[in-house]
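Please keep the sequence and the model side by side while you read. The paragraphs below move from one part of the chain to another, and each can be followed on the display.

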Amino acid sequence: MYEQPALIKSTGCFEKGFPFFVSRDYIDGYVSMHQHDFVELEYTVSGRGSERVNGLSHPLEPGNLTVLFPWDCHDLRARPDAPLCFLKINLDMELFMVNTSPLYRLRSIPFGGLGRRPYVQAEPDGRGELLALFESLETEFGEALPHKETLFYIKTAEILLLYDRLRAGTGYVEPAGQEDIGRVAEYVHQNYSKPLTGEETARRFRLGEEEMNRRLKGHTGLTFDELLADARVRNACARLIYHTVPVTQIGKETGFATEDVFFKTFKRIKGMSPANYRKKYKQLEHNLFSPEDMDARVVYYLHGHYGEDITLKDLARRFHYNESYLSQIIKGQTGQSFTELLGEIRVFHAAARLLTSEASVAQIGYESGFQSNETFLRAFKKHYGCPPSAYREKQAESAINTDG
């Protein structure tokens, strides 16, 4: 049977009017599977152990930084000879969803993609900077000093930026035998504005270029060059609608080498020039409130209700939007249709259930919102490149190696 993770609520966690909480926690055994209704930044100060996030295990040692959102569940285990010490910063999820919040500009961290790693391991020479940020906020939290909240926003943003840059893979090479074609696609989406090549990317993930293209094709339906062009055009679309900078500048910012390449690639994929696309969809800017706000709130809502029979019509009614208009907002902001976005979220949660539950594959698919086993198997394989049963077996073997 599936064991529902315990839910830790923020009630009594945040002081009135202050959306942050800091603690130093010690663990000398096992903390069972749980999740929070807030965001948690968890930095390992000392000790050794392991952590499972959504069923995937990784080692814990000094310098590990895990960032957990309300849709993530995790458990923790300390080694008997090396108790764990953490510094934790908890913050209100709403800070990423309101455009008056200083953290609103970092909303791509929670909402930019479900396949991203929830943790990073800082190198020894980079741990001092992270530890100093956490310790300064620990000290600040216990004081009543002027501009306390402003300082929390600044330093929390700095921690999140360091986390996101480390996670983006600067200088990171996948360990031999651990390559995951989903991470190749993730890497492309995170670095589309850079001058990427198939040869360099294949080498980074220790794959042959031909093998990488074959596996990408099976995983995404696109080769490396096609995936890169698609990611660049998707991001160009959002900028054309919501930014006012010249079309040629958007081409440069999204990684196209020349204006001519940008125009030809854009027209091939979208069926019209960038200028005509902007003219057609610019009207989306004018409505009740910012479409950027809507993107985050829709994703957050779907994470909480993915197992239900949700339709675009239901969602539009809930958020007081025209159904067609909401569909265009979702497409413009995420590059996915409503159906694709909901399917990705359902698969994400199903993958976690596969690793934290003994329920059958068919039951997990049904409880994750899929109406048939065939639909679930097809959607899962599209995102993870293998059937749910093979994913469960593979990750179970990986967890044994990590815990050992």
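Ala 238 is buried, with a relative accessible area of 18%, where buried means under 20% relative accessible area, exposed means over 50%, and partly exposed lies in between (1.4 Å probe, protein chains only). This is a predicted model, in which local features need pLDDT of at least 70 and side-chain atom pairs count only at pLDDT 80 or more, while totals for chains, interfaces and linings use all residues. Residues are numbered from 1 along each chain as its sequence is written, and side-chain values use heavy atoms, with hydrogens and water left out.

Ala 238 belongs to helix α7 (residues 224–242); helices (H or I, at least four residues) and strands (E, at least two) are DSSP runs, numbered from the N terminus. When its neighbours within four places in sequence are left aside, Ala 238 is in contact with His 243 and Gly 332, contact meaning heavy atoms within 4.5 Å. The C-alpha atoms of Ala 238 and Thr 334 are separated by 8.6 Å, although these two residues are 96 residues apart along the chain.

The strands can be taken next. In strand β8 (residues 73–78), five of the six residues are buried, so this strand is largely enclosed by the rest of the structure. Strand β3 (residues 30–36) runs antiparallel to β8 and is joined to it by four bridges, two strands being counted as paired if DSSP finds at least two bridges between them. Within this pairing, Gln 35 has Cys 73 of β8 as its bridge partner, and Cys 73 is itself buried, with a relative accessible area of 7%. Strand β5 (residues 49–53) is also antiparallel to β8, with five bridges joining them, and here Val 53 has His 74 as its bridge partner.

For strand β9 (residues 84–91), eight of the eight residues are buried, so β9 too is largely enclosed by the rest of the structure. Leu 84, Phe 86, Lys 88 and Asn 90 point one way from β9, whereas Cys 85, Leu 87, Ile 89 and Leu 91 point the other way, and all of them are buried. Eight bridges pair β9 with strand β2 (residues 20–27) in the antiparallel sense, and Phe 20 has Leu 91 as its bridge partner. Strand β4 (residues 39–46) runs antiparallel to β9 as well, through seven bridges, with Phe 86 as the bridge partner of Thr 44.

An α-helix has 3.6 residues a turn, so residues three or four places apart point the same way. Just after α16, Gly 385 takes a positive phi of about 75°.

Gln 190, in helix α4 (residues 181–190), touches Arg 116, Arg 167 and Ala 168, not counting residues up to four places away in sequence.
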